[in-house]
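This briefing is meant to be read with the sequence and the coordinates side by side. It moves from paired strands to a pocket, and then to individual residues in loops.

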Amino acid sequence: MGGSDVKGEWIETLQEPAYEISYKDNTLIVRVSVCGKAREIVNAGVNFAAKILCNGLDQKHESDEFHSGDDLYLWFKSPAKGFLAVYLIDESQNAFCLLPYRSNEDGKVEVKANNEYLFFSKKTVSEQEQSSVDEYTMTCDKSMESNKIYIIFSPNQFTKANDEDNKPDELPRQLSFKDFQEWLVKNRNHDKEMSVTVKNITLKK
């Protein structure tokens, strides 16, 4: 809900946050205690740009609100070449690997510097590449759900997390959020140049 410029970054949450809610002079006061690991930022990292798109391939379709049946796309651009992975975390604490695609056997996606990419659409690749692209349509079983999309980039090579295939359900490969978090923390501890952006999206019926 807010932001600040600090010389550190949060790496891992070790315990559930503790909340203390009180009222004073007709004012709601919320105190939150957190426990986790942080580290000093020793460099600025790569300032990549990423946008979540809803039902359209242009940047004007950027949105954080989806309805069941909407299509999801990712626009991405980096000033430096490197490697990219994208994960969606649902309310049940499942981590779904959106990128690399399911057909990718290398476990990594390389992107070039200063190139604009549109992921999750067969319309933006050659006919020969279309069979390897996974397209995503959002679904929602509740009246509303909150999901998080992790966009992970590094100029250094890394491989996706060890996940499970969902065939024949045709869902993205998945693992638990706990295993995903352990994989991400391990990679960030070994790679000071790895950058992570988290996009919050809302799903409605």
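What follows is a set of grouped notes on a predicted model.

**Strand β13 and its partners**

- Of the 11 residues of β13, 8 are buried, so this strand is largely enclosed by the rest of the structure.
- Strand β8 (82-89) is joined to β13 by 7 bridges, and the two run antiparallel; within this pairing, Ala85 has Ile152 of β13 as its bridge partner.
- β13 also pairs with strand β15 (residues 195-204), again in the antiparallel sense, and here the pairing extends over 10 bridges; Ile151 finds its bridge partner in Thr197 of β15.

**The hairpin of β2 and β3**

- Strand β2 (residues 18-24) and strand β3 (residues 27-33) run antiparallel and are joined by 7 bridges, with Ser22 standing opposite Ile29 in β3.
- The hairpin that these strands form has 2 residues between the strands, and Asp25 takes a positive phi near 55° in it.

**The second largest pocket**

- The volume of the second largest pocket is about 610 Å³, and β9, β12 (136-137) and β13 are the elements that give two or more residues to its lining.
- Its lining is made up of 24 residues, and those that lie nearest the centre of the pocket are Phe96, Thr137, Thr139, Leu171 and Pro172.
- By residue class, the lining of this pocket divides into 10 nonpolar, 4 polar and 10 charged residues.

- Lys160 belongs to the loop between β13 (144-154) and β14 (173-176).
- Is Lys160 buried or exposed? With a relative accessible area of 18%, Lys160 counts as buried, because the cut-off for that class is under 20%.
- The side chain of Lys160 makes a polar contact of 2.9 Å with the side chain of Asp163.
- When residues up to four places away in sequence are not counted, Lys160 touches Tyr87, Cys97, Pro100, Gly107, Arg173 and Trp183; one of these, Pro100, is itself found in the loop between β9 and β10.

**The loop between β11 and β12**

- Both Phe120 and Ser121 are placed in the loop between β11 (116-119) and β12, and both are buried, Phe120 with a relative accessible area of 1% and Ser121 with one of 2%.
- A polar atom of the Ser121 side chain lies 3.2 Å from the backbone nitrogen of Lys123.
- Leaving aside neighbours within four places in sequence, the residues in contact with Ser121 are Leu57, Tyr73, Val133 and Glu135.

**Backbone geometry to check**

- Most residues other than glycine have a negative phi, and most peptide bonds are trans.
- Phe120, which is not a glycine, has a positive phi of about 75°.
- Gln93 is likewise not a glycine and has a positive phi of about 65°; this residue sits in the loop between β8 and β9 and is partly exposed, with a relative accessible area of 41%.
- The peptide bond that joins Leu99 and Pro100 is cis, with omega about 10°.

**Loop residues and separations along the chain**

- Ser103 has its place in the loop between β9 (94-99) and β10 (109-111), where Ser103 is partly exposed, with a relative accessible area of 43%.
- Although Ser103 and Asp165 are 62 residues apart along the chain, a separation of 11 Å is found between their C-alpha atoms.
- Asn47 lies in the loop between β4 (36-40) and β5 (49-54), and Asn47 is exposed, with a relative accessible area of 67%.
- The C-alpha atoms of Asn47 and Ser195 are separated by 8.1 Å, while the two residues are 148 residues apart along the chain.

Notes
Residues are numbered from 1 along each chain as its sequence is written. This is a predicted model: local features need pLDDT of at least 70, side-chain atom pairs count only at pLDDT 80 or more; totals for chains, interfaces and linings use all residues. Side-chain values use heavy atoms; hydrogens and water are left out. Helices (H or I, at least four residues) and strands (E, at least two) are DSSP runs, numbered from the N terminus. Buried means under 20% relative accessible area, exposed over 50%, partly exposed in between (1.4 Å probe, protein chains only). A polar contact is a pair of N or O atoms within 3.5 Å; within protein, one must be able to donate a hydrogen and the other to accept it, and residues adjacent in sequence count only if both atoms are side-chain atoms. Contact means heavy atoms within 4.5 Å. Two strands pair if DSSP finds at least two bridges between them. On a 1 Å grid over the protein atoms alone, a cavity is a set of points where a 1.4 Å probe fits but cannot get out, and a pocket is an open set with protein on both sides within 12 Å along at least five of seven lines; lining residues have an atom within 4 Å of a point. Grid points are joined across faces, edges and corners, and a volume is the space filled by probe spheres set on the points. Ala, Val, Leu, Ile, Met, Phe, Trp, Tyr, Cys and Pro count as nonpolar, Asp, Glu, Lys and Arg as charged, and the others, Gly among them, as polar.
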